[in-house]
Amino acid sequence: MANLEEELRLDAEENAREAQFIIQQLPTDLKEKFSKNDINYLMDLIVEYYYESGILETDDEEIDIDLQQVAEGVCQLARENGQHNYHPDDVFFVVQADLDFQEANL
């Protein structure tokens, strides 16, 4: 079980680094608008959106991601979950920073 515990710990550390990166990338007004919990929730929704949309299921080496579409999809998932009523224009910056983090850490 130590391996599972270690993997969970490493996952939590990676998520914390990603959330911190996203917060640092946000415009000042959004840094005040989104809490760390909001960022973590949005990170989960971004992953959920990518898998549910099928955007990652392609044979192409390069995937064309429409960040505005992802932001709108994430906001829709949040509404479906009965959570905050996020605005896509604000979530766009979170989606963009999330993608930047993922690309920098491939």
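Start with helix H5, residues 88–104, in what is a predicted model.

Which residues of H5 are buried? They are Pro88, Asp90, Val91, Val94, Val95, Ala97, Asp98, Leu99 and Phe101.

Asp90 sits in H5. Its relative accessible area is 15%, and because the cut-off for buried is under 20%, Asp90 counts as buried. What does the side chain of Asp90 make a polar contact with? The partner is the side chain of Lys33, at 2.5 Å. If we leave aside neighbours within four places in sequence, Asp90 is in contact with Leu30, Lys33 and Phe34.

Asp89 is also placed in H5. Asp89 has a relative accessibility of 43%, so it counts as partly exposed. Between Asp89 and Glu72 there are 8.4 Å in space, C-alpha to C-alpha, and the two are 17 residues apart in sequence.

Now helix H4, residues 67–80. The same kind of length check applies here: 14 residues at 1.5 Å each should span 20 Å, and the end C-alpha atoms of H4 are 20 Å apart, which agrees.

At the start of H4, a side-chain oxygen of Asp66 comes to within 3.1 Å of the backbone nitrogen of Gln68. After H4 comes Gly82, with a positive phi near 75°.

The buried residues of H4 are Leu67, Val70, Ala71, Gly73, Val74, Cys75, Leu77 and Ala78. What do they pack against? They pack against H3 and H5.

That brings in helix H3, which covers residues 36–53. Take its packing with H4 first. The axes of H3 and H4 are 9 Å apart, and the angle is about 110°. Angles of 65 to 115 degrees count as roughly perpendicular, and H3 and H4 are therefore roughly perpendicular to each other. On the H3 side the contact is made by Tyr41, Leu42, Leu45, Ile46, Glu48, Tyr49, Tyr50 and Glu52, and on the H4 side by Gln69, Val70, Gly73, Val74, Leu77 and Ala78. By type, the residues of this contact are ten nonpolar, two polar and two charged.

One of those H3 residues is Glu52. Is Glu52 buried or exposed? Glu52 is exposed, because its relative accessible area is 56% and the cut-off for exposed is over 50%.

Next, H3 with H5. Their axes come within 10 Å and cross at roughly 75°, which makes H3 roughly perpendicular to H5. From H3 the contact takes in Ile39, Leu42, Met43, Ile46 and Tyr50, and from H5 it takes in Val91, Val94, Val95, Asp98 and Leu99. The residues here divide into nine nonpolar, no polar and one charged.

To go back over the packing: H3 is roughly perpendicular to H4, H3 is roughly perpendicular to H5, and the buried residues of H4 pack against H3 and H5. That is all from me.

Notes: Residues numbered from 1 in each chain as written. Predicted model: local features only at pLDDT ≥ 70, side-chain atom pairs only at ≥ 80, totals over all residues. Heavy atoms only, no water. Helix = DSSP H or I, 4+ residues; strand = E, 2+ residues; numbered from the N terminus. Expected span 1.5 Å × (residues − 1). Buried < 20%, exposed > 50% of the residue type's maximum accessible area, 1.4 Å probe, protein only. Axes fitted to C-alpha atoms, helices over the stretch in contact; angles between N-to-C directions. Parallel < 35°, antiparallel > 145°, perpendicular 65-115°, else oblique. Contact = heavy atoms within 4.5 Å. Nonpolar A, V, L, I, M, F, W, Y, C, P; charged D, E, K, R; others polar. Polar contact = N/O pair within 3.5 Å; in protein donor to acceptor, adjacent residues only side chain to side chain.
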